[in-house]
Amino acid sequence: MRNMRLFLLFALFLFITISYRTYEQYHHIKDTQKLIVLNESQALATFISAFRQTYQDAFLTNHIDVNEKTINLLPVKTITEISDRFSSSVEGDIVIRTVSDRPRNSDNMANNFELKMIRYFKDHPKEKDNFIQEEDAFYYTKPFRIKASCLQCHGKREDAIPSIRDKYTMAYDYKLGEIRGLLNIEIKKRDFFAGMYSNFTNTLIVAILIYVIFLIIIYLLAREIRQKEEKYTRDLEIDIKRKTYEIKKQKDTFETLFEKSSDGILILDEGKFIQCNEKIVEMLHYNSKEEMLNTRPFELSPEFQTDGRRSEEKSEEMMALAFRNGKHQFEWVHTKANGENFMAEITLTAITLTNRNVLHVIWRDISEKKKAQQELIDQKDILDYQAHHDGLTGLPNRILFNDRMEHGIELAKRHHKKLALFFIDLDHFKQINDSLGHQVGDKVLIAVTERLKAKIRKEDTLARLGGDEFTIIMEDLTKVEDVSLLAHKIQQVLTQPIHIEGHTLYTSCSIGISLYPQDDTDANNLIKYADAAMYKAKEEGRNNFQFYASEMTEFALERMAMKSSLRNAINNEEFIIYYQPQVNAASGKLTGMEALIRWQNPDIGLIHPHKFISLAEESGLIIEIDRWVMTTAMKQFTQWYKEGFEPGVLALNLSMRQLRSDDFIEILQESMKAIDFKPEWLELEVTEGKMMKKPEESIIKLEKISQMGIEITIDDFGTGYSSLAYLKRLPVSKLKIDQSFIQGLPDDKEDVAIVKAIIALAKSLDLELIAEGVETDAQKEFLLSSGCKHIQGYYYAEPVAAEEIEKKCFTTSDHILNKK
């Protein structure tokens, strides 16, 4: 039966082979036929092209005139006639046509097939010819393209040969390279090819007969072979069964120890290596398989594994698990032949080999994988640290601070403990940044960080929330007194001088403190309350600490609301200007007025400048506010002068930000010119302490202002730290005695001494004087008797709006003011 199937398969194979060869030969005949016709067509086409070119050259070279007699000798005429005669001579088997889609002779008009081929060559300009078979004929087509010589007949009509131009009205305006027409050679199938197919048919019949006879012979032979094969098969079956088992075992061993594996492979039998591949030899740096197989397993491991267990003890456990479960995978530290340790992934698989239970061991070096994992862990730790710590000081940032705060409250709640939150803000730190640069400011922050670290306990958390704001979470608090003690320590350590880049800097801080659970049990509220207490510390003069009290909440909310609405105040025209008269106390005559800003907030009401000027400085709006005050007040004074009043000199407070801005002087000049305000009507008051922070820069700017004819007054004189050397250089014309020294006159000896010293200093420097904050007759008389006749204060008038000034000051012609 099996031989019969083979015979049928062989017969099918032979049939397919003969069929394929027959098919191939048939197509070979067709290809031969097509090739003959193609060569014949190309030869005819080449001859016709040569003939056309020869005739055309003859006309052009010999300058033959084209007329009624010679026009029939042109290629287009002669080729058509020659082609017709040639077709007749071959009984129409070959038809040659030269046609055009725009012929001058209608006989040369292209048929549908030829028009299709003309379009084809126009669409495929790189094609030189085309050869196809349709039904019983072959068609060879080739385009006629316009050459330079063709333009004499087919270019622009006005440039054509006269006789052509006169005779034909069409087939002009061709361009060089365009298709003028088409050569179409049609060759019909002929008897020659029929003979080829007849020979092929005869050959095919003979091949089929031979195939049948051959199959009969093969069948007879196959039947005889089948009988012998059955006997031979019976003899082999016993031998094959015996050897199959051995071959299978050898195959299993070979596949197990596949030499090309990328992993190291060993066979472990009762504590000995019996097989290995080259990879494990290379991995463990041994010289040969023999050396590897002679190595005892315990020599491949250090004494202890990474978990602290002895390698020998742990390996026994791993092998027992593999035998019990069939397979066990784990990580292991191995030792190479050179003593170097590395991490490997071990897979133990229990198998049977030659009737013995052994372990198939796969070693995979995962050192690089472990290294990459560690790098990822390290990178994650770095990113986590960066996300939760301040980049400058390394302290916990706001995110980690909030987490620690929540955690601290949880612990305090669980263990019934107290917790204190310190909110620390450095006083005047912005001035360090502005005057010495952010680089010095950063170093100050680092120095402050180190000092704060030295004063807190290990269990406390020091964080930087941004800028110059620090917080301390004081946990496990038993006595509130400890909070005050730490606050005092912080103030003491931060008031010590800091030496940075040749500068000796002095700092202080304002501290706000909230307590858990006394003030609140919510972290956000405790933070808000500590912040409010810190602002209270600033309000109390800075460099102190304040515990939160309930009334501070209203203060904090008011400050937040004020800060958010301050930006809209200018656009909404919420600012107004009050004017306070300055009077010659000896005569009672008005000498000038100080312009003082007020904020008419629609929600809060009238706000005095001491409540919002610091906010304006923090938000950067102080320059815009100062310029609005300056412009508005100058307009008012100009109006008063135009109406015939004598308001005297306008005194304006000039902030340091305004003075240091690059365009202040330019804006001042432009405003005065636009408003028609005279320089002698203006007096700028500069705060003593702020001016002396950058005296050289201040001197240059104030000199330019003084040269414009504007007077300069030092405001709050005596409260700062003026240097007499700088005071002599400043273009100052007046000193204003601060009201803090006026309040104690004439009874307070210290105030009396200070005021007399200021008056004496002004006289020695030939400076004018004015005292602010004068409220009583006694204060007025003391100042007059001491040599200060110009005063400002509630004694004569409090600051009022422009309408009230007109009623109070301009009702008399000599502008004499009486006591309020």
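Lys418, Leu419, Leu477, Val480, Leu515, Tyr516, Pro517 and Gln518 line the second largest cavity of this predicted model. The space in the second largest cavity amounts to about 40 Å³. Two strands, E10 (418–426) and E15 (509–516), each contribute at least two residues to the lining of this cavity. Sorted by class, the lining of the second largest cavity comprises six nonpolar residues, one polar and one charged.

Across the whole structure, a search finds three cavities of 30 Å³ or more. The largest cavity holds about 60 Å³ of space. Its lining is made up of Asp626, Val629, Met630, Leu652, Asn653, Leu654, Gln658, Phe664 and Leu684. Helix H18 (622–642) and strand E20 (649–654) each give at least two residues to the lining of the largest cavity. By class, that lining has six nonpolar, two polar and one charged residues. The two cavities are set side by side below.

Ser661 sits in the loop that runs between helix H19 (656–660) and helix H20 (664–675). Is Ser661 buried or exposed? Its relative accessibility is 12%, and because buried means under 20%, Ser661 counts as buried. Apart from neighbours within four places in sequence, Ser661 has contacts with Ile623, Arg627 and Lys701.

**The five-stranded sheet**

An open sheet of five strands is arranged in the order E6-E5-E9-E8-E7, and the pairing is antiparallel. Why is one side of E6 and of E7 left without a neighbour in the sheet? Strand E6 (272–276) and strand E7 (327–335) stand at the edges and have a single partner strand each, so one side of each lacks a neighbour in the sheet. On average, neighbouring strands of this sheet are turned by 35° against each other, with direction ignored.

Strand E9 (residues 356–365) is joined by five bridges to strand E5 (residues 264–269), and the two run antiparallel. In this pairing, Ile362 of E9 stands opposite Ile265. Strand E8 (residues 341–353) is also antiparallel to E9, with 10 bridges joining the two. Here Ile346 has Trp363 in E9 as its bridge partner. E8 and E9 form a hairpin that has two residues between the strands, and Thr354 in the turn shows a positive phi of about 50°.

Two helices lie across strands of this sheet. Helix H9 (residues 311–325) lies across E5, E7, E8 and E9, and runs at about 160° to E7. Helix H10 (residues 367–388) lies across E7, E8 and E9, and its direction is at about 130° to E8.

**A helix pair**

Helix H12 (residues 429–436) packs with helix H13 (residues 438–455) at an angle of about 145°, and the axes are 7 Å apart. Which residues meet in the contact of H12 with H13? From H12 come Phe429, Ile432, Asn433 and Leu436, which meet His438, Val440, Gly441, Val444 and Leu445 of H13. The residues of this contact divide into six nonpolar and three polar, with no charged residue.

Definitions and conventions:
Residues numbered from 1 in each chain as written. Predicted model: local features only at pLDDT ≥ 70, side-chain atom pairs only at ≥ 80, totals over all residues. Heavy atoms only, no water. Axes fitted to C-alpha atoms, helices over the stretch in contact; angles between N-to-C directions. Helix = DSSP H or I, 4+ residues; strand = E, 2+ residues; numbered from the N terminus. Contact = heavy atoms within 4.5 Å. Nonpolar A, V, L, I, M, F, W, Y, C, P; charged D, E, K, R; others polar. 1 Å grid on protein atoms, 1.4 Å probe; cavity = no way out; pocket = protein on both sides within 12 Å on 5 of 7 lines; lining within 4 Å. Points joined across faces, edges and corners; volume = space filled by probe spheres on them. Buried < 20%, exposed > 50% of the residue type's maximum accessible area, 1.4 Å probe, protein only. Pairing = 2+ DSSP bridges.
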